[in-house]
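Please look over the structure below before reading on. The briefing starts with a term, then moves from the whole chain to single residues.

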Amino acid sequence: MVGGEAAAAVEKLVSGVRQAADFAEQFRSYSESEKQWKARMEFILRHLPDYRDPPDGCGRLDQLLSLSMVWANHLFLGCSYNKDLLDKVMEMADGIEVEDLPQFTTRSELMKKNTLH
């Protein structure tokens, strides 16, 4: 009987993960590559329990989606944001592995390089 209970618990867990992934899929941007979406979806799913909209609809889910876009835009497009905001999203993304990230040179780095020559 224990085996049957364990199998049922695993199936319930897998079903919950599938439902969460299906829920998150509606927020995928048409311009996101598969790699970008997988990373952003992991970010969203990791924090979804903390940002579910309360019954009064205070927009916590919108906040999470915005934070996920800030993180993805910074990571994949090199966008820069306020330091406090970047610190927050980088902390939220701690442990999310993304391979082959593009390398960006900031304007400050370019200016520094040009003044040294």
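Helices (H or I, at least four residues) and strands (E, at least two) are DSSP runs, numbered from the N terminus. By that rule, Met41 is found in helix α2. This is a predicted model, in which local features need pLDDT of at least 70, side-chain atom pairs count only at pLDDT 80 or more, and totals for chains, interfaces and linings use all residues. Residues are numbered from 1 along each chain as its sequence is written, and side-chain values use heavy atoms, with hydrogens and water left out.

**Whole protein**

- The protein has 5 helices and 0 strands.
- Its elements run α-α-α-α-α from the N terminus on.
- Of its 117 residues, 25% count as buried; buried means under 20% relative accessible area, exposed over 50%, and partly exposed in between (1.4 Å probe, protein chains only).
- The accessible surface comes to about 8500 Å², computed by the Shrake-Rupley method with a 1.4 Å probe, and for residues only the protein chains shown count as cover.
- Carbon and sulfur atoms hold 55% of that surface.
- Contact means heavy atoms within 4.5 Å.
- Take the contacts between residues at least 6 apart in sequence: 51% of them join residues at least 24 apart.

**Met41**

- Met41 is buried, with a relative accessible area of 11%.
- Setting aside neighbours within four places in sequence, Met41 is in contact with Ala21 and Ala24.
- Met41 and Ala20 are 21 residues apart along the chain, and their C-alpha atoms are separated by 9.8 Å.

**The aromatic pair**

- Rings of Phe, Tyr and Trp (its six-membered ring) pair if their centres lie within 6.5 Å; planes under 30 degrees apart count as stacked, over 60 as edge-to-face and the rest as tilted.
- The count by this rule is 1 aromatic pair.
- The ring centres of Phe43 and Trp71 are 5.3 Å apart and their planes are at 20°, so the pair is stacked.
- The pair links distant parts of the chain: Phe43 sits in helix α2 and Trp71 in helix α3 (residues 60–77), 28 residues apart.
- Phe43 is buried, at a relative accessible area of 0%.
- Trp71 is buried too, at 2%.

- Axes are lines fitted to C-alpha atoms, for helices over the stretch in contact, and angles run from 0 to 180 degrees between N-to-C directions.
- Angles under 35 degrees count as roughly parallel, over 145 as roughly antiparallel, 65 to 115 as roughly perpendicular and the rest as oblique.
- The axes of α2 (residues 34–51) and α4 (residues 83–92) come within 10 Å and cross at roughly 100°, so α2 and α4 are roughly perpendicular to each other.
- On the α2 side, Phe43, Arg46, His47 and Tyr51 meet Lys88, Val89 and Met92 of α4.
- By class, this contact has 4 nonpolar, 1 polar and 2 charged residues; Ala, Val, Leu, Ile, Met, Phe, Trp, Tyr, Cys and Pro count as nonpolar, Asp, Glu, Lys and Arg as charged, and the others, Gly among them, as polar.
- The axes of α3 and α4 also come within 10 Å, crossing at roughly 95°, so α3 is roughly perpendicular to α4.
- Residues of α3 that meet α4 include Leu64, Leu67 and Trp71, and their partners in α4 include Leu85, Val89 and Met90.
- The contact of α3 with α4 has 9 nonpolar, 1 polar and 1 charged residues by class.

**Asp100**

- Most residues other than glycine have a negative phi.
- Asp100 has a positive phi of about 55° although it is not a glycine.
- Asp100 lies in the loop between α4 and α5 (107–116).
- At 68% relative accessibility, Asp100 counts as exposed.
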